[in-house]
Amino acid sequence: MPNADIMQQALEIARAQAGVRAMTAAEVAAYVSELTQTLESAMCPEEAKQTPAVDPKNSIGESYVTCLECGKKFKVMGNRHLKTHGLTAKEYKAKWGLKKGVSLAAKSLVRMRRKKMQDMRLWERKGTK
């Protein structure tokens, strides 16, 4: 429910607009509704819920990761990009409901890195020095 002060401001603006040009009752009602939403989001930004650029479930694809904040695509979305949104990787994952352990890298890249590490078998080399 909109704040009474915001509604009052929206009504005053609509009244002034209706005084300048002829408006039907439906136009005035739509204008007040639009103004209320705009003023509410401007005055209470924490209440305005941000919508993701894409569905969070589909943000990590085979060949790229899509940033849910801005919609840019990356092979690996790192801290450098997340800082432009004022977030850390942990905060980003929590904000958009991603699991803690999910990698912010393309699935093909993760698979390639995993195979390379398995081929290197570093855990066997440790004792051979």
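How much accessible surface does the protein chain have, and what share of that surface belongs to carbon and sulfur atoms? In this predicted model, the accessible surface comes to about 9,800 Å², and 56% of that area belongs to carbon and sulfur atoms.

## Overall architecture

The protein chain holds 6 helices and 2 strands, and, read from the N terminus on, its elements follow the order α-α-β-β-α-α-α-α. With a radius of gyration of 25 Å, well over the 14 Å that the globule rule gives for 129 residues, the chain is more spread out than a compact globule. Along the principal axes, its C-alpha atoms fill a box of roughly 85 × 25 × 20 Å.

Buried residues account for 22% of the 129 residues in the chain.

## Leu-87 in the loop between α3 and α4

Leu-87 sits in the loop that lies between α3 (79-84) and α4 (89-96). Because its relative accessibility is 15%, and buried means under 20%, Leu-87 counts as buried. Leaving aside residues up to four places away in sequence, Leu-87 touches Glu-69, Leu-82, Tyr-92 and Lys-95.

Leu-87 can also be placed relative to Trp-123: the two residues are 36 residues apart in sequence, and their C-alpha atoms are 35 Å apart in space.

## Lys-93, a buried charge in α4

Lys-93 is found in helix α4, and this residue is buried yet has no salt bridge. The nearest side chain of opposite charge to Lys-93 belongs to Glu-91, which is 12 Å away, whereas a salt bridge requires a side-chain nitrogen of Lys or Arg within 4 Å of a carboxyl oxygen of Asp or Glu.

When residues up to four places away in sequence are not counted, the residues that Lys-93 touches are Leu-98, Lys-99, Lys-100, Val-102 and Leu-104.

Why is Met-120 classed as partly exposed? Its relative accessibility is 30%, and the class of partly exposed residues lies between the buried limit of 20% and the exposed limit of 50%, so Met-120 counts as partly exposed.

Methods
Residues are numbered from 1 along each chain as its sequence is written. This is a predicted model: local features need pLDDT of at least 70, side-chain atom pairs count only at pLDDT 80 or more; totals for chains, interfaces and linings use all residues. Side-chain values use heavy atoms; hydrogens and water are left out. Buried means under 20% relative accessible area, exposed over 50%, partly exposed in between (1.4 Å probe, protein chains only). Helices (H or I, at least four residues) and strands (E, at least two) are DSSP runs, numbered from the N terminus. Contact means heavy atoms within 4.5 Å. The radius of gyration is taken over C-alpha atoms; the globule rule is 2.2 Å times the number of residues to the power 0.38. Accessible areas come from the Shrake-Rupley method with a 1.4 Å probe; for residues, only the protein chains shown count as cover. Lys and Arg count as positive and Asp and Glu as negative; His and the chain ends are not counted.
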